[in-house]
Amino acid sequence: MSELLAVDSGTIGEPAVNISIFGAFVLVTLFITFRASRNNKSAADYYAAGRNISGTQNGLAIAGDYLSAASFLGIAGAIAVYGYDGFLYSIGFLVAWLVALLLVAELMRNTARFTMADVLAFRMRQRPVRMAAAISTLTVSLFYLLAQMAGAGGLVTLLLGVSGEAAQAVVVTIVGALMIFYVLVGGMRGTTYVQIIKASLLIIGAFVMTVWVLGEYGFNLSSLLGGAAENAAGAATPRDVLAPGAQYGATGTSKLDFVSLGLALVLGTAGLPHVLMRFYTVPTAKDARRSVVWAIWLIGIFYLFSLVIGYGAGALVGADRILAAPGAVNAAAPLLAFELGGTVLLGIIAGVAFATILAVVAGLTITASASFAHDVYASVLKKGQVTGNGEVRVARITAIVIGAISIGLGILALQAGLNIAFLVALAFAVAASANLPTILYTLFWRNFTTQGALWSIYGGLIACVTLIVFSPVVSGAPVVEATGKSPSLFQDVDFSWFPLNNPGLVSIPLSFFLGWLGSKLSKERPDELKSAELEVRAFTGIGAEKAVQH
Amino acid sequence: MTDPDERRLLTPEEYLAAQNSPEFVDLKKRFRAFAFPMTFAFFAWYLLYVLLSTYAPDFMATEVFGNVNLGILLGLAQFVTTFAITHLYVNHANKRTDPIADEMRERLEQHDFRAGTGTTGTDTQGATRV
């Protein structure tokens with residue numbers, strides 16, 4: 001098999017098989033999207049699928065939204081190469097859902113109509129808070145979109161047998177165009193179905209690989225770990241993949257960096273706008289709860305599969321071959337699929353990986369376009385003097401614009417070699433710093449004021465982005481001997497003064513503090529009547545948006 | 001889209017009366033009595049795990065059986081506690097908070113919390129007390 005692998009410039013398997021499986025996915029989802037589009041009339045249909053999605057369906061769709069290429073390919077790859085430290089990622093991503101379950105999902109479902117800003121601005125001065133929430137929503141969505149687009153371009157070299165900047169740009173454009181189409185035609189309902197199908201395929205695919213890998217080791221976890229450890233100890237760069245520290249244990253700074261990342265992961269999820277928006281697609285708060293419960297089980301089980309797949313790739317493929325493949329760490333799962341099941345299994349996994357990217361970018365685009373049309377256009381610019389249809393028209397136009405921007409920036413990010421995991425981690429850090437403190441204060445602290453909200457959102461956002469700009473991610477990271485390049489975005493300059501790659505450790509507590517301080521120092525009193533309305537609605541569900549009857 | 005008139009179903013005074021009613025205070029207390037300590041607990045347990053992995057790698061590398069070490073077992077334990085807390089929360093919500101919330105919502109829809117009425121109306125004994 002290894003001879004087969006080395007046939008050409010690093011492509012594995014049969015590109016025709018990969019493309020046809022991906023094509024089949026696109027055709028099926030397009031058909032379903034068309035059918036779904038017949039009921040897309042009102043704003044509630046377009047933004048929230050008429051609030052007719054069941055808790056179980058929504059749980060699958062959340063899993064589809066959340067298990068992005070970064071978590072599917074990235075985590076399995078990190079476990080394959082660095083072992084234990086990769087496993088730590090998945091735990092942060094999972095535990096984070098408890099914040100959403102216990103504190104956020106149901107209360108948000110009861111009080112919001114379409115966007116996060118509906119809740120945040122509820123008892124505040126509308127326009128400034130909506131504007132701030134929309135800016136942070138758009139920022140988070142854009143970073144996340146960029147990561148997915150760049151990921152699509154990177155995958156293509158490995159799986160479809162095309163290489164070169166022009167070909168990658170074409171693929172990013174095709175993904176972007178498909179995404180715009182799903183969102184325009186299908187709205188939230190079409191997007192939801194795409195996510196459900198993708199989540200089912202992904203989980204089934206991961207299950208098959210997990211059982212297969214365990215079968216190779218007599219269903220004994222200990223011997224699988226032993227195989228991975230043995231293989232890693234004999235690699236070009238020997239690593240202890242069973243103990244912590246292979247990736248982050250080097251220095252005091254890298255350890256602190258990991259704690260910072262851990263904080264951003266666990267607090268970011270419940271502030272991700274495209275995750276929050278999924279809660280508005282179900283009929284009641286109870287269904288929102290049910291959907292998070294489903295999501296936690298599906299995501300948790302998927303990460304357990306990833307653990308086996310990751311160590312399986314480490315044991316059966318080996319770190320050296322993974323790192324030498326195009327796509328490096330991200331190639332672990334596809335290489336393992338090829339090793340186990342040859343061309344067919346690889347084709348399935350490759351198709352699923354593309355489906356993954358497509359479903360996630362569609363979810364992000366609809367969230368970003370809803371935030372612009374509902375918060376910025378309808379509330380801030382038109383002061384609420386706009387019909388539902390007018391708003392949806394603007395949302396559709398915005399989806400096209402956002403799609404076009406992310407295609408352009410995605411191609412640039414790809415050519416600049418921007419690290420995908422970093423973009424996703426940055427999105428989580430911004431969500432945890434700019435969104436979560438304000439969400440929690442709004443729901444649970446009566447004396448929170450407009451000034452507190454603005455200080456917290458803008459403070460968290462600005463701190464986060466500033467610290468990133470002056471971190472080793474952007475400039476000044478030492479040159480890696482193996483590649484002769486610095487992992488920073490800009491080579492040969494150094495204007496960094498913040499030592500950590502992830503700003504969460506500083507920016508998240510800062511944002512909580514600013515929210516408190518801004519409220520304490522503010523001259524206006526909190527609006528008690530609005531506050532009572534928000535609280536009663538959040539806890540009892542009175543006045544919550546109902547499902548649309550068709 | 002929902003009719004705006006329907007959304008303005010209740011007056012601000014009704015919301016205020018509902019917020020100050022003993023059953024709502026009870027509802028909030030029950031919600032917080034579970035959600036807040038549990039959030040603190042899982043967050044502390046997660047941080048402990050991250051800090052142990054980062055600053056006590058030798059301890060985490062202690063082998064328990066075969067090639068399975070303490071770090072991997074504690075990591076799997078994070079999965080177990082996450083699933084367990086999810087289960088406990090659903091039970092708590094079904095038994096302790098949903099009955100009050102459902103009853104209050106029905107009464108609010110019938111404008112049972114208009115000033116001067118309401119708070120002593122139907123009691124919440126129907127809710128399961130544990």
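Author: What follows is a set of questions and answers on a predicted model.

Reader: What ipTM does the predictor give the complex?
Author: Two scores apply to the complex. Its pTM is 0.89. Its ipTM is 0.90.

Reader: In chain A, which helix has the lowest confidence?
Author: Chain A has a mean pLDDT of 86, and 94% of its residues reach 70 or more. Its highest confidence is in helix α19 (residues 504-520), at 96. At the other end, with a mean of 38, is helix α1 (residues 2-5) of chain A.

Reader: Over residues 1-9 of chain A, how many contacts does the model have beyond near neighbours in sequence?
Author: The pLDDT of this stretch is below 50. Beyond near neighbours in sequence, the number of its contacts is 3.

Reader: What share of the residues of chain B reach a pLDDT of 70 or more?
Author: Residues 1-7 of chain B stay under 50. Residues 118-130 of chain B are also below 50. The chain B mean is 83, and the share reaching 70 or more is 82%.

Reader: Which element gives the largest share of the side of chain B that touches chain A?
Author: On this side, 48 residues of chain B contact 47 residues of chain A. Elements giving two or more residues include α2 (12-20), α3 (22-55) and α4 (57-60) of chain B. The side divides into 31 nonpolar, 13 polar and 4 charged residues. The largest share is 16 residues, and it comes from α5(B).

Reader: Is A:Ala332 buried or exposed?
Author: A:Ala332 sits in helix α15 (residues 332-381) of chain A. Its contacts beyond four places in sequence include A:Ala76, A:Gly310 and A:Ile322. A residue is buried if 20 or more other C-beta atoms lie within 10 Å of its own. A:Ala332 has 32 C-beta neighbours inside 10 Å, so it counts as buried.

Reader: How far apart in space are A:Ala332 and A:Ile75?
Author: In sequence they are 257 residues apart. In space, C-alpha to C-alpha, the distance is 9.5 Å.

Note on methods
Residues numbered from 1 in each chain as written. Chains lettered and ligands numbered in written order. Predicted model: local features only at pLDDT ≥ 70, side-chain atom pairs only at ≥ 80, totals over all residues. pLDDT = per-residue confidence, 0-100. Helix = DSSP H or I, 4+ residues; strand = E, 2+ residues; numbered from the N terminus. Contact = placed C-beta atoms within 7 Å. Nonpolar A, V, L, I, M, F, W, Y, C, P; charged D, E, K, R; others polar. Buried ≥ 20, exposed ≤ 12 C-beta atoms within 10 Å, placed from the backbone.
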